[in-house]
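Colleague: I have a model open on my screen and would like to learn how to read it. Could you take me through it?

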Amino acid sequence: MNIAIITGASSGLGTEYYKVIQDEVLDEVWIIARREGALNEISQKYGKIKTRVIPLDLTVDESHEKLLNIIKEENPNIKYLFNNAGFGAYGKLDEIDLSKQTNMIDLNVKALTKITYYALGYMQEGAKIINTASIVAFAPVPNMAVYSATKKYVMSFSRALRHELRKRKINVTAVCPGAMPTEFFTVAGVDSDKKSLINKMPFCNTAKVAKNGFKAAKRGRAVYTPRLLYKFLRLVGKIVPHSILIKFVSA
Ligand SMILES: NC(=O)c1ccc[n+]([C@@H]2O[C@H](COP(=O)([O-])OP(=O)(O)OC[C@H]3O[C@@H](n4cnc5c(N)ncnc54)[C@H](OP(=O)(O)O)[C@@H]3O)[C@@H](O)[C@H]2O)c1
């Protein structure tokens with residue numbers, strides 16, 4: 001059974017990935033998030049491929065084990081894995097609830113790593129892993145210290161794993177969007193009136209990020225960054241020392 005797994009499919013970019021994947025030849029798509037109702041709704045609305053709704057809180061270790069058990073039971077061929085579930089928090093480290101920040105690490109880093117580890121045993125030549133990173137992976141971002149560090153991890157992990165998996169011909173792509181108009185900002189606690197850098201950044205079209213990010217993954221690309229400005233920022237992040245860059249990127 002050929003399948004795709006999408007985490008964080010109940011809204012935003014994950015829902016767009018779900019729509020994009022409908023044109024693939026797959027037996028099933030497994031979609032994961034906490035909100036079962038929202039997952040059912042998107043599957044009814046956009047699903048052409050048989051969809052398995054798996055409601056899980058991926059900050060919890062037992063959820064990872066539950067997913068592993070389902071994988072073991074079904075023994076699928078995982079053609080596409082979208083590690084997309086994630087959230088951010090805006091503010092200084094000591095101003096944001098500590099458990100929110102450690103949950104962020106549990107979801108953005110730990111769950112992504114564990115799910116990838118489990119999935120690898122069920123992937124064959126040609127499989128694709130698509131990890132949602134962010135432009136905040138290009139430099140450390142004050143007022144998003146933990147979030148930007150988690151996305152730097154996603155970027156570094158994706159690149160290293162891609163190299164490890166070369167012989168198996170499994171590709172790993174880090175998708176690095178700039179701001180997208182999703183629930184992200186509400187969850188992160190970004191006030192839309194705030195004159196912060198985040199509110200000045202041009203938005204990316206979420207559907208286009210999903211479509212082009214998936215296209216880049218199918219072409220075997222290591223990184224996909226939408227919009228010229230963000231491509232330029234990626235380059236700047238490689239050239240300009242972070243000690244200088246950090247003065248300009250405070251969220
Ligand atoms: N929007 C942006 O500006 C932006 C920019 C760059 C990168 N990103 C990244 O893009 C990815 C998708 O975010 P989005 O913009 O689409 O925001 P979103 O609409 O808030 O989507 C986040 C998704 O993650 C799921 N999720 C959150 N906590 C979870 C948990 N504990 N367990 C399982 N699933 C959980 C949410 O589902 P439930 O709430 O139902 O659990 C939702 O489906 C994230 O990794 C984010 O960091 C976003």
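**Reading a helix, a core and a ligand shell**

Modeller: Gladly! Keep in mind that this is a predicted model. Let's start with helix α4, which bends by about 35° at Lys110.

Colleague: What span should the 23 residues of helix α4 have, and what do its end C-alpha atoms show?

Modeller: Count 1.5 Å a residue: α4, residues 98-120, should then span 33 Å, and its end C-alpha atoms are 32 Å apart, which agrees.

Colleague: Which residues of α4 are buried?

Modeller: They are Met104, Asp106, Leu107, Asn108, Ala111, Leu112, Ile115 and Ala119. Their cover includes the strands β1 (2-7), β4 (77-83) and β5 (128-132), together with the helices α3 (61-74) and α5 (145-164).

Colleague: And how should I read a nonpolar core?

Modeller: In soluble globular proteins, nonpolar side chains tend to be buried together. Here the largest nonpolar core has 71 residues, and Ile5, Ile6, Ala9, Tyr17, Ile31 and Ile32 have the most contacts inside it. α4 brings the largest share of this core, 6 residues.

Colleague: Which residues is Ile31 in contact with, leaving aside its neighbours within four places in sequence?

Modeller: Ile31 then touches Ile6, Ala9, Tyr18, Leu39, Ser43, Thr51, Val53 and Ile54.

Colleague: Now the ligand: which residues come nearest?

Modeller: Of the 29 residues around the ligand, those are Gly8, Gly12, Arg34, Gly86 and Phe184. By class, the shell has 13 nonpolar, 12 polar and 4 charged residues.

Colleague: Which helix gives the most to that shell?

Modeller: That is α1, with 3 residues. Both α1 (12-20) and α6 (184-188) supply at least two residues each.

Definitions and conventions: Residues numbered from 1 in each chain as written. Predicted model: local features only at pLDDT ≥ 70, side-chain atom pairs only at ≥ 80, totals over all residues. Helix = DSSP H or I, 4+ residues; strand = E, 2+ residues; numbered from the N terminus. Expected span 1.5 Å × (residues − 1). Bend = angle between axes of the 7 residues up to and from the residue. Buried ≥ 20, exposed ≤ 12 C-beta atoms within 10 Å, placed from the backbone. Contact = placed C-beta atoms within 7 Å. Near = placed C-beta within 6 Å. Nonpolar A, V, L, I, M, F, W, Y, C, P; charged D, E, K, R; others polar. Core = buried A, V, L, I, M, F, W, Y, C linked by C-beta atoms within 7 Å.
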